[in-house]
Amino acid sequence: MANDGEGKHLLVFGDKGSGKTTLSVGIATEMSIRRHAATYLTAMKLYCMFFDKGSTGGEALWNWRNASVLVIDDINPGSPIEPDLISPKVFLNMLDTFAHNPDNRLALKSKNVIWVLGNNVPKEKDEERWEQMLEKIGVGKDNILSVNLSA
């Protein structure tokens with residue numbers, strides 16, 4: 001995952017227990033071995049951090065905005081829990097609700113992000129909805145990839 005000012009975004013879909021988190025953390029670990037700062041957060045924790053304008057002092061090294069690779073886990077658990085807990089619309093609303101939303105959008109757009117999602121149900125067009133949300137924050141189509149780990 002290179003970063004030339006616009007990050008790569010990997011959408012990882014799959015049922016509960018399919019290995020979404022394991023794969024995502026493995027990629028982030030490999031990137032950290034290659035000396036890229038990696039941060040793992042749940043979606044709910046990231047929501048809380050949208051409030052933060054930025055950090056000063058020692059915290060700056062571990063701020064999500066400073067990471068080269070960001071893993072956002074627990075967006076939706078997947079089957080057997082079918083309904084979305086967090087939809088692209090809800091995520092974008094949370095991103096834009098807080099006072100620092102231009103900084104938040106730019107930070108997400110510019111870093112490599114692994115989005116750990118639930119099932120990719122074709123009739124609901126989950127993949128398309130998440131890709132459209134990423135495009136709304138300024139991520140180019142060429143920088144969005146997805147994988148489905150469901151059986």
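Figure 1. The accessible surface of the protein is about 8,000 Å², and carbon and sulfur atoms contribute 55% of it. The structure shown is a predicted model. Of the 151 residues in the protein, 40% are buried.

**Figure 2. Secondary structure along the chain.** The protein contains five helices and five strands. Among contacts with a separation of 6 or more, 79% are between residues 24 or more positions apart.

**Figure 3. The sheet.** An open sheet is built from five strands, and the pairing is parallel. Read across the sheet, the strand order is S2-S3-S4-S1-S5. The edges are formed by strand S2 (38-42) and strand S5 (144-148), each of which pairs on one side only. From one strand to the next, the twist averages 15 degrees.

**Figure 4. Pairing of strands S1 and S5.** Strand S1 (residues 9-13) and S5 run parallel and are joined by five bridges. One of the residues to look for in this view is Phe13, whose bridge partner in S5 is Asn148. S5 is an edge strand of the sheet, and S1 stands between S4 and S5 in the strand order.

**Figure 5. Helix H5 against the sheet.** Helix H5, made up of residues 126-136, lies across S1, strand S4 (112-116) and S5. The helix runs at about 155 degrees to S1.

Terms used
Residues numbered from 1 in each chain as written. Predicted model: local features only at pLDDT ≥ 70, side-chain atom pairs only at ≥ 80, totals over all residues. Heavy atoms only, no water. Pairing = 2+ DSSP bridges. Helix = DSSP H or I, 4+ residues; strand = E, 2+ residues; numbered from the N terminus. Axes fitted to C-alpha atoms, helices over the stretch in contact; angles between N-to-C directions. Contact = heavy atoms within 4.5 Å. Buried < 20%, exposed > 50% of the residue type's maximum accessible area, 1.4 Å probe, protein only. Areas by Shrake-Rupley, 256 points an atom, 1.4 Å probe, with all protein chains shown as cover.
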